[in-house]
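Please work through the exercises below with the sequence and the 3D structure at hand. Each task is followed by a solution that goes step by step.

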Amino acid sequence: MAGVLQRFEQRLEGAVTGAFARAFRSAVQPVEIAAALQREIDNSAHILSRERMLVPNDFTVELSPTDFERLAPFSGTLATELTTLVQEHVTEQRYTLTGPLKIEFLQTGELSTGRFRVRSRTNSAVTPVRGQRMTETAIRSSDVVIEVNGMKHPLSPPGVVIGRGNEADLKIDDPGISRRHAEITLSEGEAGTTVTVTDLDSTNGVVLNGHKVRSAEVVDGSEIRLGNTVIVVRMPVVS
């Protein structure tokens with residue numbers, strides 16, 4: 001851990017000149033943020049198997065208005081160096097990531113100068129359905145939309161198979177998801193569109209609104225958990 005932080009400081013020293021150096025005289029120091037990121041990763045590590053531990057890949061560093069203002073002009077450089085540090089730590093500890101690393105800075109009035117907070121989450125890389133139109137028009141005109149890691153995917157009958165393998169329609173690179181994990185089926189009827197989620201004999205099962213299910217109907221706002229990924233179902237009412 002010390003080695004990773006030392007390399008981070010050495011790289012940052014090469015970039016810190018003039019205004020950049022003055023900005024870092026603020027109460028919050030980059031090395032403090034770096035150490036906090038490492039602690040967040042270690043404390044959030046989730047055991048997948050005897051040799052694999054899943055850690056977050058999406059981080060938000062919340063800063064006071066004063067610290068945010070001072071560091072904002074250099075946030076890109078700092079985020080790049082922090083990303084390198086996190087990747088080195090993940091590699092050294094042999095952790096598992098489910099998607100690309102992301103670090104962003106956010107201003108919050110809840111914190112006083114010199115105080116900061118790190119929030120993290122696991123966002124798996126998602127490959128949209130081949131040939132699917134992801135435009136706003138397609139999303140607005142769809143009767144059923146699912147949200148995965150903030151990305152909206154319009155669905156149409158008969159539905160989609162979700163999994164980690166290439167044979168899945170919607171591929172999610174989550175180690176807790178089976179190659180063919182679940183199917184979301186759309187059926188058109190006189191009463192409208194019925195949406196059903198079915199477990200395809202997955203290893204970890206399907207959890208719908210906190211309850212493990214084999215097959216169940218979903219409604220607007222339903223949350224489907226597959227592995228470490230939460231899928232939200234949206235069924236907007238078209239007037």
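A residue is called buried under 20% relative accessible area, exposed over 50%, and partly exposed in between, with a 1.4 Å probe and protein chains only. The model is a predicted one, in which local features need pLDDT of at least 70 and side-chain atom pairs count only at pLDDT 80 or more, while totals for chains, interfaces and linings use all residues. Residues are numbered from 1 along each chain as its sequence is written, and side-chain values use heavy atoms, with hydrogens and water left out.

**Exercise 1.** Determine whether serine 178 is buried or exposed, and find what its side chain reaches.

Solution. Begin with the place of serine 178, which is in the loop between strand S10 (170-172) and strand S11 (182-189); strands here are DSSP runs of E with at least two residues, and helices are runs of H or I with at least four, numbered from the N terminus. Next, compare its relative accessible area of 12% with the cut-off, and serine 178 comes out as buried. Finally, follow the side chain of serine 178, which reaches the backbone nitrogen of threonine 203 at 3.0 Å.

**Exercise 2.** Work out in which order the three strands of the open sheet are arranged, and which strands stand at its edges.

Solution. The order is S4-S3-S5, and the pairing is mixed, where two strands pair if DSSP finds at least two bridges between them. Strand S4 (102-107) and strand S5 (116-121) each have a single partner strand, so one side of each is left without a neighbour in the sheet. Then look at S3 (residues 58-63) and S4, which run parallel and are joined by six bridges; in this pairing threonine 60 stands opposite glutamate 104 in S4.

**Exercise 3.** Find which residue forms a salt bridge with aspartate 58, and state why the pair ties together separate parts of the sequence.

Solution. A salt bridge is a side-chain nitrogen of Lys or Arg within 4 Å of a carboxyl oxygen of Asp or Glu, and the structure holds nine of these salt bridges. The partner of aspartate 58 is arginine 121, with the closest N and O atoms 3.5 Å apart. Because aspartate 58 lies in strand S3 and arginine 121 in strand S5, the pair ties together parts that are 63 residues apart in sequence.

Technical notes: A polar contact is a pair of N or O atoms within 3.5 Å; within protein, one must be able to donate a hydrogen and the other to accept it, and residues adjacent in sequence count only if both atoms are side-chain atoms.
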